[in-house]
Amino acid sequence: MKLSSLCIRCLIDKQEERIRSIEGENKKAAYMKEVAGIIGSADSEASAPFLVYKINSVYKRYFGAFPDYEREKEEFNSMMLSMEQELEEGIRMGGSKEEMLSNALNYARTANYIDYGTMNQVSRDELLQLLNKASEEELEEGTFHMFQKDLQSGGKLVYLTDNCGEIVADKLLIKILKEQYPDLHIKVIVRGTAVLNDATMEDARAVGLTEIAEVIGNGSGIAGTQISYLSEEARQAISEADVIISKGQGNFETIHGCGLNIYYLFLCKCEWFTRQFDMERLKGVFINEITVC
């Protein structure tokens with residue numbers, strides 16, 4: 001996805017916020033000049049997650065390793081696991097197969113709130129409020145029916161995950177998909193190395209995702225799915241997929257435009273996305289690659 005002026009401003013602002021409390025104005029000014037240079041010299045097709053990946057290497061050179069998100073990852077994995085049975089009951093309360101699938105998609109989409117890459121603050125209380133209303137949300141009818149039709153054909157489905165905690169809701173959606181479409185082979189792809197609070201193989205094991213589906217790492221530390229930076233295994237899985245579910249804004253930013261049969265599922269959490277999809281902040285998107293504006 002091409003960078004917008006809003007994305008460029010956001011990238012600059014977030015890097016300045018990141019170093020604001022660090023001592024040494026000369027070093028900070030030099031760092032910000034390099035950041036501006038990376039953005040200014042970027043290819044026209046460069047995405048924000050890819051540029052952040054490049055900027056991170058510069059940050060490490062100037063300031064050393066930055067804080068990880070292990071505590072936050074464990075916190076939200078544990079929180080969502082403690083709610084797993086309740087969430088599954090909410091999904092199955094729909095009764096019909098169509099209602100259960102719709103509910104599962106809504107819960108998985110709502111859990112995309114747990115994002116330390118785009119959110120200034122991730123609130124447990126706000127997450128709970130959003131989850132409590134998830135079953136009341138609606139999916140775009142045409143996209144939902146197209147999705148069901150694609151699933152009925154069987155074949156291979158690749159599920160691109162995003163954040164920790166969120167992957168518990170992903171697990172429940174995958175569970176429903178396996179029940180309703182037993183001929184569908186599902187492969188889940190997580191990040192290859194730790195980045196922000198994104199899910200890795202370690203997290204997939206921690207929440208039991210590896211117990212219900214085949215899970216692989218993508219070989220990359222980019223907070224998205226930058227195809228040219230993926231492992232051969234992940235690239236092949238994506239290219240051979242009949243259907244792809246892509247969670248989160250970062251995955252959308254990096255893979256949108258590839259022309260594959262992708263269903264994007266995420267919350268609008270920043271100004272560019274709310275403008276792009278003409279939606280309020282924290283409202284959900286469920287769209288197919290061929291219908292994206």
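At 10% relative accessibility, Lys171 is buried (under 20% relative accessible area, with exposed meaning over 50% and partly exposed in between, for a 1.4 Å probe and protein chains only). Lys171 forms a salt bridge with Glu84, and the closest N and O atoms of the pair are 2.9 Å apart; a salt bridge is a side-chain nitrogen of Lys or Arg within 4 Å of a carboxyl oxygen of Asp or Glu. Because Glu84 lies in helix H5 (residues 84–92) and Lys171 in helix H9 (residues 166–180), the pair ties together parts that are 87 residues apart in sequence. Helices (H or I, at least four residues) and strands (E, at least two) are DSSP runs, numbered from the N terminus. Glu84 is also buried, at a relative accessible area of 19%.

The structure is a predicted model, in which local features need pLDDT of at least 70 and side-chain atom pairs count only at pLDDT 80 or more, whereas totals for chains, interfaces and linings use all residues. Residues are numbered from 1 along each chain as its sequence is written, and side-chain values use heavy atoms, with hydrogens and water left out.

In total, 24 salt bridges are counted. One of them joins Glu214 to Lys187, with the closest N and O atoms 3.6 Å apart. Glu214 belongs to strand E3 (residues 214–217) and Lys187 to strand E2 (residues 184–190), so this pair ties together parts that are 27 residues apart in sequence. Lys187 is buried at 18% relative accessibility, while Glu214 is partly exposed at 34%. A further salt bridge links Glu72 with Arg71, the closest N and O atoms being 3.1 Å apart. Here Glu72 is buried, with a relative accessible area of 14%, but Arg71 is exposed at 58%. Salt bridges also connect Arg9, Asp13, Glu271 and Arg275 in a network.

Helix packing was examined for H2 (residues 25–40) and H3 (residues 48–63), whose axes come within 10 Å and cross at roughly 160 degrees. Axes are lines fitted to C-alpha atoms, for helices over the stretch in contact, and angles run from 0 to 180 degrees between N-to-C directions. H2 and H3 are therefore roughly antiparallel, the term for angles over 145 degrees. Residues in contact (heavy atoms within 4.5 Å) include Tyr31, Val35 and Ile38 of H2, and Leu51, Ile55 and Val58 of H3. The residues of this contact divide into eleven nonpolar, no polar and five charged, where Ala, Val, Leu, Ile, Met, Phe, Trp, Tyr, Cys and Pro count as nonpolar, Asp, Glu, Lys and Arg as charged, and the others, Gly among them, as polar.

Conventions. Parallel < 35°, antiparallel > 145°, perpendicular 65-115°, else oblique.
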